[in-house]
Amino acid sequence: MSLRLSTVILPYRRWSEGGRSTWTRAEQLGFHAAYTYDHLSWRTFRDGPWFGAVPTLAAAAGVTETLRLGTLVTSPNFRHPVTLAKELISLDDISGGRITLGIGAGGTGFDATALLNSSHEPWSPRERADRFAEFVPLLDRLLTEDAVTQEGRFYSADEARNIPGCVQRPRLPFAVAATGPRGLKLAARYGQAWVTTGDPKLYETGTPEQSVEALRGQVGKLSEACAAAGRDVAELDKVLLTGFTPDRSRPLRSVDAFVDFAGRHRELGFTEIVIHWPIPDSDFAADEKVFEEIAMEGLAQLG
């Protein structure tokens, strides 16, 4: 089974101070895709520079030619399907059909509260799942139909026009991040790819072996969701966003460490591994020389 290697470039650098050169270097290194987080701010980066995903991807599209581009991930936390669809169609056009939308239900971080006033509580897990279940089908329609009218509990559209639609037909691909039954159902029905970061309960105290078994279980549940939807699970790419399993940054310590990690996860059925571009003095710190060696040699050594 073939395996692709991609990267995530966090949008914390000014375009003129390393932002542009990072994206162009990602293409030179031969990555399949370069993604970015779609947040208003994120964790330890909250009090520092952090730029918007959509304009960053538009700029990246202008300085690259073959590299796929996308989000890992966009969520309903501060997005609406109508406005997001317009931006995605524009990105797909600017990039010549190189955009993938990574999309998930969202979490409880800063994005969940930035648009709320003090009298409102963040959405509960159930409400996030309810919104996601409405968000994805409406976005699918908005990206495939010229005009959409739909009244929902959370999201509505009134003759929303999206002409000429995506360059990629019938629309740009969705990479649906999900581990629960409702999210996996959406991935099985609407996804061209499925995304996971592993089991978060294992991050602090679990072992790499336990993580592999947890991921094996997630892949099995995806297969069940696809079977229930009448779809072959082999049709979906299976994407592992690294950095959130008990392995943490160990796969980036050497080419051999990466090859071992990638091989174990390829055996589970993963078709794409995503590694974070090194950021000094952060959870994603790594030796840039080793990182580039992995990008250029890792998959070849995997065989």
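**Backbone and packing**

Tutor: R43 sits in the loop between β2 and α2. Strands (E, at least two residues) and helices (H or I, at least four) are DSSP runs, numbered from the N terminus. This is a predicted model: local features need pLDDT of at least 70, side-chain atom pairs count only at pLDDT 80 or more, and totals for chains, interfaces and linings use all residues. Residues are numbered from 1 along each chain as its sequence is written, and side-chain values use heavy atoms, without hydrogens and water.

Student: Does R43 count as buried or exposed?

Tutor: R43 is not a glycine, yet its phi is positive, near 45°. Buried means under 20% relative accessible area, exposed over 50%, partly exposed in between (1.4 Å probe, protein chains only). R43 has 52% relative accessibility, so it counts as exposed.

Student: What is the phi of D281?

Tutor: D281 lies in the loop between β10 (272-276) and α8 (288-302). Its relative accessible area is 83%, so D281 is exposed. D281 is not a glycine, and its phi is positive, about 55°.

Student: Which residue does a cis peptide bond join to L72?

Tutor: Look in strand β3 (residues 68-74), which holds V73. Omega is about -10° for the cis bond, and the partner of L72 is V73.

Student: Where does P170 lie?

Tutor: The peptide bond from R169 to P170 is also cis, with omega near 0°. P170 is in the loop between β6 (156-161) and β7 (174-177).
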